[in-house]
Amino acid sequence: MKKTVEEINEKIRNGSAVILTAEEVSQMSEKNSPEEIFKKVDVVTTGTFGAMCSSGAFVNFGHADPPIRMEKVKLNNVPVSAGLAAVDVFIGASEEAENNYKYGGAHVIESLIKGEDVKLEASAKGTDCYPRKEIRTTINKNNVNEMYLYNPRNAYQNYPSAVNTSDKLIYTYMGNLLPQMGNVNYSTSGELSPLLNDPELRTIGIGTKVFLCGAQGFVSWHGTQFDTSVEKNSKGIPIKNSRTLALIGDMKKMDPKFIKAAYFHKYGVSIFIGVGIPIPILDVDIAKFVSIKNRDIETIVADYGTDGHPEIARTNYQELQSGSIMLNNKKIRTAPLSSISKARIIAEKLKEQIRDGSFVITKPVQNLPNNTSLNNLEIRGDE
Amino acid sequence: MKIRFILTFSTETTNLPIINNLIKEHDISVNIIKADISSGEKGTAFIEMNGKESELNLALEFLKKNKVEYQSVDKYIHLNEDECIHCGACTAVCFAGALEMKGNKLQFETEKCIVCELCVDACPFGLFEIHFG
């Protein structure tokens, strides 16, 4: 029993396709077997809206007259990487502005998407073909040639929840963690999360079309720190951070409602990225995977108050989303960091776009790796 | 009238039954919202006093006489709701229970807020502001 992407797209075209969000299908699975879901449902839409530091954007400014081969470049006072051709730069989302650590590349990216003017300052040594040595002007989405998001690591498949057993309040990318296990923070949209609905990435690979910040983007590669060696639970779901995606998309078409620059206190600048991925229900196995519910998705509780962030417990997203969990016989409040309400909006929006034919389901050009593990950075002396 | 104060007790005053006497000797009601007072240490208490203005003034005189510093809290926390994405990061630090997730949406019950200000740093978008007056 199998369906193909072509058959599903044909059903979408003739209006007979059944498209549900990941939450809707999880609810349906309470009364329907994977076989029934395979027969009844064609596409499941997922969504997530969380902080993804490993994001950035390429911009090409166009040439001035006389031209400049830009070497040092700042956008709204944020240094950007100019070690590329004359007027190409890469804005790193977490790069901080000079003199304002709460403002960074993420804010520049958000401004560009909003259509705001951004101050450009660049300098160079000057060459025979690029004689100009300095330039100051403003750029925006209409006067640059290209501006596209290129995020090396997005849409983490699961992530450990964070607690702090130390006696001090600590400030992390997982939010403010109160001393003596005052809170547990978590950052995954649970049963709505893209890669948790297709844990082995059977339908997601290079070339898969995705919802990226309101535009249609693509999976360009496996994301950095892509790890398939993580322990799985009985439902086949990794119990901590494992697979990731590198995503690309046209910023000129993005909607500022689905991207937001952030600053985590005493940590730094980051960016919230809205990602939605449709999962075609090609066989019963995939139907089984999209049926997972928050209680089926486990994650570890990592202690950020101890070096190495060791695992001290395990929990699941039903418990985490309930508002509190029990740890060492103590009831501890939980707080989310990724917006479930936005994730839900993304999954709904993607459902509408597929239904009205503006978002066509794609088959990956190539699968992502299935046998990876991570290296640590060794400190090697030069003796 | 109702006013909120942060009281600071010196190491010498933490052993004395000051709040007890404050209530006994004045026609006011006192609601202790948050307190951290241990013998031999500097202590703080966040209280709300309710009563006639004349009685409240006498109560403040009494605190002064007993070497308790007080600072009126006429500030409040304002949330820029239009920009809120309902991530929930602020709920992690709100002990007063003023900020809670209800159906994955942030709910801010201002009357529960004790103006501890922890949410100001916890919001990744800087959407909480301290307002005065």
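Student: Which residues in helix α1 (residues 5-13) of chain A are buried?

Tutor: A residue is buried if 20 or more other C-beta atoms lie within 10 Å of its own, exposed if 12 or fewer, and partly exposed in between, with C-beta atoms placed from the backbone. Helices (H or I, at least four residues) and strands (E, at least two) are DSSP runs, numbered from the N terminus. In α1(A), the buried residues are A:Ile8, A:Asn9 and A:Ile12. These residues lie on the same side of α1(A), because they cover an arc of only 100 degrees around the axis; the arc is that of the directions from the helix axis to the C-beta atoms. A:Glu6, A:Glu10 and A:Arg13, on the other side of α1(A), are exposed.

Student: What covers the buried residues of α1(A)?

Tutor: Contact means that the C-beta atoms of two residues, placed from the backbone, lie within 7 Å. The cover of the buried residues includes β2, β23 and α7 of chain A. Just after the helix, A:Gly15 has a positive phi of about 80 degrees.

Student: What should I know about numbering and confidence before going on?

Tutor: Residues are numbered from 1 along each chain as its sequence is written, and chains are lettered from A and ligands numbered from 1 in the order in which they are written. This is a predicted model, in which local features need pLDDT of at least 70 and side-chain atom pairs count only at pLDDT 80 or more, while totals for chains, interfaces and linings use all residues. pLDDT is the predictor's confidence in each residue, from 0 to 100. Chain B averages 89, and 99% of its residues score at least 70. Within chain B, the lowest confidence is in strand β1 (residues 2-9), with a mean of 85, and the highest is in strand β7 (residues 105-108), at 96. For the complex, the predictor gives an ipTM of 0.90 and a pTM of 0.88.

Student: In what order do the three strands of the open sheet in chain A run?

Tutor: Strands of a sheet pair through backbone hydrogen bonds, either parallel or antiparallel. Two strands count as paired if DSSP finds at least two bridges between them. The order in chain A is β1-β2-β23, with mixed pairing. The edge strands, β1 (19-21) and β23 (278-280), each pair on one side only. Strand β2 (residues 43-45) runs antiparallel to β23(A) and is joined to it by three bridges. A:Thr45 stands opposite A:Pro278 in β23(A).

Student: Which helix packs on this sheet?

Tutor: Angles run from 0 to 180 degrees between N-to-C directions, and axes are lines fitted to C-alpha atoms, for helices over the stretch in contact. Helix α7 (residues 340-355) of chain A packs there, touching β1, β2 and β23, and its direction makes about 170 degrees with that of β1(A).

Student: Which residues other than glycine have a positive phi?

Tutor: Among them are A:Asn77, with phi near 75 degrees, and A:Met181, with phi near 55 degrees. A:Asn77 is in the loop between β5 and β6 (78-80) of chain A and is partly exposed, with 15 other C-beta atoms within 10 Å. A:Met181 is in the loop between β15 (175-177) and β16 (183-186) of chain A, and counts as buried because it has 20 C-beta neighbours inside 10 Å.

Student: Where is there a cis peptide bond in chain A?

Tutor: A cis peptide bond joins A:Asp65 and A:Pro66, with omega about -5 degrees. A:Pro66 is in the loop between β4 (56-60) and β5 (72-75) of chain A.
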